[in-house]
Amino acid sequence: MWTWFHKLGSPPWMYRISGRILAILLPLTIAMLVVGAVWGLLYAPMDFKQGNSFRIIYFHVPASVVALAGYYVMAIAGAVSLIWRMKMAEVAMKCAAPVGAALTFLSLLSGAIWGKPTWGTYWVWDARITSMLILFFLYLGVIALYQAYENKEAAGKACAVLSLVGMVNIPIIYKSVDWWYSLHQPATIKFTEESTMHSSMFQPLLLMILAFYCLFTCALLLNMRSELLRRGASTSWVRALAGAR
Amino acid sequence: MYFDSLQAALTMDGHGIYVWSVVVVSVLVTAGLLVLPARSARRFIAGLGVDEAPAPKAAPSVRIEEVNNAPGS
């Protein structure tokens with residue numbers, strides 16, 4: 001039953017299986033992104049309060065949701081690498097950091113651009129925005145910390161600890177709009193209540209969120225494949241791969 | 001389509017600059033996330049392939065005496 005879990009630790013198996021997953025998931029992700037973006041940008045109705053600037057939601061919310069989820073992935077991978085000393089988890093943790101950082105950057109930038117027509121300013125030191133900026137620095141911190149160490153085993157441990165400590169920021173981001181007075185609007189999607197959006201606006205948003213989750217998975221797998229090749233440069237399976245090309 | 005014309009879709013009642021700039025940044029970030037690691041892996045494998053390639057055969061060495069003793073020298 002647990003053979004699949006043990007196989008996860010094998011770099012050649014992971015490289016092979018990730019290639020098969022990407023062959024299906026990558027075209028599906030691109031198709032979902034294109035359909036979701038066209039649907040949201042050109043076919044969804046305009047918001048009566050914010051006008052057409054609300055269409056930024058189709059990029060801002062998916063990027064933000066997946067940036068937060070990506071941090072969980074990174075921290076859980078860090079915990080697995082610390083507890084079970086699983087090298088593949090360390091690879092996943094290291095590779096999740098740049099993907100999460102890119103999505104947090106997109107979330108911050110799209111939010112700043114959206115802020116101008118909505119609030120009249122690109123930036124305010126608001127609880128939600130500031131906690132998202134801290135998330136961005138946490139991702140950058142993990143990347144920088146890994147680069148700073150000569151000993152990569154120690155680097156992996158330090159990054160795992162930093163990712164776990166940084167988890168404290170995630171509930172703060174979620175609850176910031178409830179705990180503090182904020183310019184940022186409350187959560188659009190709630191697990192316990194019905195969404196405040198009309199279905200004609202909500203459906204493309206759900207598609208874009210799903211597309212961004214798939215984008216994160218694809219980017220993570222691509223980064224992991226690259227990292228596995230580098231780590232296994234002297235191994236027979238990588239040499240065989242290079243020889244076959 | 002929600003908009004009457006392409007012009008209306010581009011301008012979005014004055015919000016087009018904000019919306020389309022976010023679209024451009026999103027496309028760049030998405031492309032970067034997908035293209036950069038794939039290219040890095042491809043280059044790494046290509047680099048290994050070059051390292052693995054057999055060294056070119058050395059030209060056959062010719063001793064000076066052989067040249068001096070050659071007919072007509």
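A salt bridge is a side-chain nitrogen of Lys or Arg within 4 Å of a carboxyl oxygen of Asp or Glu. Between chain B and chain A the count is 0 salt bridges. The model is predicted, so local features need pLDDT of at least 70 and side-chain atom pairs need pLDDT 80 or more, while totals for chains, interfaces and linings use all residues. Residues are numbered from 1 along each chain, chains are lettered from A in the order written, and side-chain values leave out hydrogens and water.

The two chains bury about 3100 Å² between them (accessible area lost on being put together, 1.4 Å probe, summed over both parts). Carbon and sulfur atoms give 77% of that area. Polar contacts join 7 residue pairs, both residues at pLDDT 80 or more (N or O atoms within 3.5 Å, one able to donate a hydrogen and the other to accept it; residues adjacent in sequence count only through side-chain atoms). Helix H2 of chain B, residues 16-52, supplies the largest share of the chain B side, 21 residues (helices are DSSP runs of H or I, at least four residues). That side has 20 nonpolar, 6 polar and 2 charged residues. In total, 28 residues of chain B and 41 of chain A take part (heavy atoms within 4.5 Å).

Within chain A, helices H4 (residues 87-119) and H6 (residues 152-166) pack at about 65°, their axes 10 Å apart (lines fitted to C-alpha atoms over the stretch in contact, with angles from 0 to 180 degrees between N-to-C directions). Their contact residues divide into 3 nonpolar, 2 polar and 4 charged. Glu90(A) is one of the H4(A) residues that meet H6(A).

Over all chains there are 4 salt bridges. One joins the side chains of Glu90(A) and Arg231(A), at 3.3 Å from N to O. Glu90(A) lies in H4 and Arg231(A) in H8 (residues 199-231), so the pair ties together parts 141 residues apart in sequence.

Definitions and conventions. Helices (H or I, at least four residues) and strands (E, at least two) are DSSP runs, numbered from the N terminus. Ala, Val, Leu, Ile, Met, Phe, Trp, Tyr, Cys and Pro count as nonpolar, Asp, Glu, Lys and Arg as charged, and the others, Gly among them, as polar.
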